[in-house]
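Here's a quick briefing on how this one packs together. Have a look at the model first, then go through the points below.

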Amino acid sequence: STKGGDSGTSGLVDGVRLPKSSQIFVVLGDLDELNTWIGYSLVTLSQKLPEQSAALRHAQKNLYLMSALIAKADPDKVKLAKDELTILEKNSLYLQKSMKHNWTQSFLYPGGTETAARLDIARTVCRRVERSLVGLSQQQRIPDIALKYVNRLSDYLYVLRCFVNFKEGYEEAPFD
C-alpha cells in the first residue's frame, strides 16, 4: 500500500491527483466492478463454453485497456482497436443464430441458471459503466470507441446469458 490515498485523493497515470469522488474514479471503479463480475461469471462458464469463456477473458483485457485510457495513459501506447466492436457483434450474431427459433427480443426475467444469473449482473453493471462514462464525457474527452465498446459488450452479455440458459435447457419466462 502506498498510503497515498489516505487523504481522500488518488492519482492518475499522468501524475495528476484528484478527489476520489471525481467522476473519473466513478468510471474506473465501475469498470473494475464489471471486470470482477465477468471474472465471477467465468468461474462457472469456463468448463461449459470454452469459446465464449475466451471471448469474455478477451473482453476483460479490453476493459483493462479502457481503464488505462480513461486514467490518462499514453494513447500511443495503449489502444483499443476498432475491430473489437466487430468481434463482439460477430460473436453476438453467432450465438443468436445458434439459438435458432429460441432467440427472442422480448423482455425476460433475469436469472435462470447460475451462470446466466451471474452474466445478468455483469450486464447491468456494464450498463452502469455506460451511464458513468457518459457523465465523464460531459467533463472531458472520452475515446469514441470506449462508449461504443461498452454498449456492444452489454448487448453481447445479454445474448450470452440467453445462450447459456438455452444450452442448459432452462425454460425462459418472458415478461408479458
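**Buried cysteines**

Cys126 is buried, with a relative accessible area of 0% (buried means under 20%, exposed over 50%, partly exposed in between, using a 1.4 Å probe and protein chains only). Cys162 counts as buried too, at 5% relative accessibility. The disulfide count comes to zero, where a disulfide is a pair of cysteine sulfur atoms within 2.5 Å.

Bear in mind that this is a predicted model: local features need pLDDT of at least 70, side-chain atom pairs count only at pLDDT 80 or more, and totals for chains, interfaces and linings use all residues. Residues are numbered from 1 along each chain as its sequence is written, and side-chain values use heavy atoms, with hydrogens and water left out.

**The core**

- The largest nonpolar core has 47 residues; such a core is a set of buried Ala, Val, Leu, Ile, Met, Phe, Trp, Tyr and Cys residues joined through side-chain atoms within 4.5 Å.
- Two or more residues each come from α1 (23-45), α2 (50-70), α3 (83-98), α4 (114-137) and α5 (144-167), with helices being DSSP runs of H or I, at least four residues, numbered from the N terminus.
- α5 gives the largest share, 12 residues.
- Leu34, Leu56, Met66, Ile70, Leu133 and Leu153 have the most contacts inside the core.
- Leaving aside residues up to four places away in sequence, Met66 touches Leu31, Leu80, Leu133, Ala146, Tyr149 and Val150 (contact means heavy atoms within 4.5 Å).

**Helix pairs**

- α2 and α5 pack at about 155 degrees with their axes 12 Å apart; axes are lines fitted to C-alpha atoms, for helices over the stretch in contact, and angles run from 0 to 180 degrees between N-to-C directions.
- α2 and α5 are therefore roughly antiparallel, a label for angles over 145 degrees.
- On the α2 side, the residues in this contact include Gln52, Ala55, Leu56 and Met66, and those from α5 include Ala146, Tyr149, Val150 and Leu153.
- The axes of α2 and α3 come within 12 Å and cross at roughly 155 degrees, so this pair is roughly antiparallel as well.
- Here Glu51, Gln52, Ala55, His58 and Asn62 in α2 meet Glu84, Asn91, Tyr94 and Leu95 in α3.

**Asp155**

- Asp155 sits in helix α5 and is partly exposed, at 34% relative accessibility.
- Beyond residues up to four places away in sequence, Asp155 touches Ser92 and Arg127.
- Asp155 and Arg123 are 32 residues apart in sequence, yet 7.8 Å apart in space, C-alpha to C-alpha.

Key
Parallel < 35°, antiparallel > 145°, perpendicular 65-115°, else oblique.
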